[in-house]
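Dear colleague,

I am handing over the structure we spoke about, and it is shown just below. Please have it open while you read the notes that follow.

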Amino acid sequence: MSQNSNDGGKRSARERLRAQRERDKATERRWRSLKVGAVVAGVLAVAAGVGITLAARGGDDQGSQSAKPVTVGQRGAPARLTVYEDFRCPACAQFENSFRDTIKSLERAGKLRTEYHLVTLIDGNMGGRGSHEAANAVACARDKGKFGPYHDVLYRNQPREQEDAFASTERLIRLAGKVEGLVDPEFRSCVTGGRHDDWVKRSDEDFRKSGHQGTPTVLLNGKDVFSDPSEQLTPDGLRKLVERKS
């Protein structure tokens, strides 16, 4: 290998390390905010499921250059929550398990709609396929109108980040058994066959092009709710922000 090639490789490695450090800092800021919010809010009860509006179905997966998010709630709601999240991400689980009741309540009241963009950031950073397989599986649940309940089951049963246990499609199907009426031969085939692999890849590419650095990235009407580390967001704080838009 030439010296120029060697130097280029070193620069590339340094650039990747620098980028990873920036992502880690962004994730740590969100993690601190979420931990404080969770302490203030306490342990939230399991919310009842809400209906979802499908922003993309199986047939849409092949025809678009970008991946349409899955939209939950009424399209005409005055406030829009945009969530970029990774099923292997501990901070994403902290956000979902702490803010779930509040978000669902606002959705049912017609005050909020939530757009979910699924990301495979941890697969890329740590290796494995758990982020990708879980995202494909939840897209399969979306096809059957079960996105919300299955999405919540996965976050309530999230394995340790390093284990990559969601790479097992059998584990994903077993967890799907917690959602009434979800598991059937079509769902199994969708999960094991990777029917929505292209959609998942495009969703992750959209995130990387967005300029956001870590997960969860949560935007309320386009503004990052965790952008100011000095302001610790709580579920009640999120409710008040949404209600101001109503």
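**Aromatic pairs**

Phe95, Phe99 and Phe226 form one aromatic cluster. Please bear in mind that this is a predicted model, in which local features need pLDDT of at least 70 and side-chain atom pairs count only at pLDDT 80 or more, while totals for chains, interfaces and linings use all residues. Residues are numbered from 1 along each chain as its sequence is written, and side-chain values use heavy atoms, with hydrogens and water left out.

A search of the whole structure gives six aromatic pairs, where rings of Phe, Tyr and Trp (its six-membered ring) pair if their centres lie within 6.5 Å, and planes under 30 degrees apart count as stacked, over 60 as edge-to-face and the rest as tilted. One of these is the pair of phenylalanine 95 and phenylalanine 99, which is stacked because the ring centres are 5.0 Å apart and the planes stand at 25°. Both residues belong to helix α2 (residues 90–108), where they are four residues apart, about one turn of the helix; helices (H or I, at least four residues) and strands (E, at least two) are DSSP runs, numbered from the N terminus. Phenylalanine 95 is buried at a relative accessible area of 1%, and phenylalanine 99 is buried at 0%, where buried means under 20% relative accessible area, exposed over 50% and partly exposed in between (1.4 Å probe, protein chains only). Phenylalanine 95 also lies 9.6 Å from proline 235, C-alpha to C-alpha, although the two are 140 residues apart in sequence.

Tyrosine 116 and phenylalanine 147 make a tilted aromatic pair, with 5.5 Å from centre to centre and 50° between the planes. Since tyrosine 116 is in strand β4 (residues 112–118) and phenylalanine 147 in helix α5 (residues 147–156), the pair ties together parts that are 31 residues apart in sequence. Tyrosine 116 is buried, with a relative accessible area of 6%, and phenylalanine 147 is buried as well, at 1%.

A further ring has a charge placed over it: the charged end of arginine 142 sits over the ring of tryptophan 199, 4.9 Å from its centre. The rule here is that NZ of Lys or CZ of Arg is within 6 Å of the ring centre and within 35 degrees of the ring normal.

**Cysteines**

How many disulfides are there? The count comes to one disulfide, taken as a pair of cysteine sulfur atoms within 2.5 Å. It joins cysteine 140 to cysteine 190, with the sulfur atoms 2.0 Å apart, and the torsion about the S-S bond is about -85°, so the disulfide is left-handed. Cysteine 140 is in helix α4 (residues 130–143) and cysteine 190 in helix α7 (residues 185–193), so that distant parts of the chain, 50 residues apart, are linked. Both cysteine 140 and cysteine 190 are buried. Turning to other cysteines, cysteine 89 is buried with a relative accessible area of 2%, and cysteine 92 is buried with 0%.

**Strands**

Strand β3 (residues 79–85) has six of its seven residues buried, so it is largely enclosed by the rest of the structure. Strands β3 and β4 run parallel and are joined by seven bridges, two strands being paired if DSSP finds at least two bridges between them; alanine 79 stands opposite leucine 112 in β4. Together, β3, α2 and β4 make a right-handed β-α-β unit, which is to say that, with the strands pointing away from the viewer, the path from the first strand over the helix to the second runs clockwise.

Strand β3 also pairs with strand β5 (residues 217–220), here in the antiparallel sense and over four bridges. In β5, threonine 217 is the bridge partner of tyrosine 84, and leucine 220 that of leucine 81. Thr217 and Leu219 point one way from β5, whereas Val218 and Leu220 point the other way, and all are buried.

Strand β5 is in turn joined to strand β6 (residues 223–224) by two bridges, and these strands run antiparallel, with leucine 219 opposite aspartate 224 in β6. The two strands form a hairpin with two residues between them, and asparagine 221 in the turn has a positive phi of about 50°.

**The chain as a whole**

The protein chain has nine helices and six strands, and 47% of its 246 residues count as buried.

With kind regards
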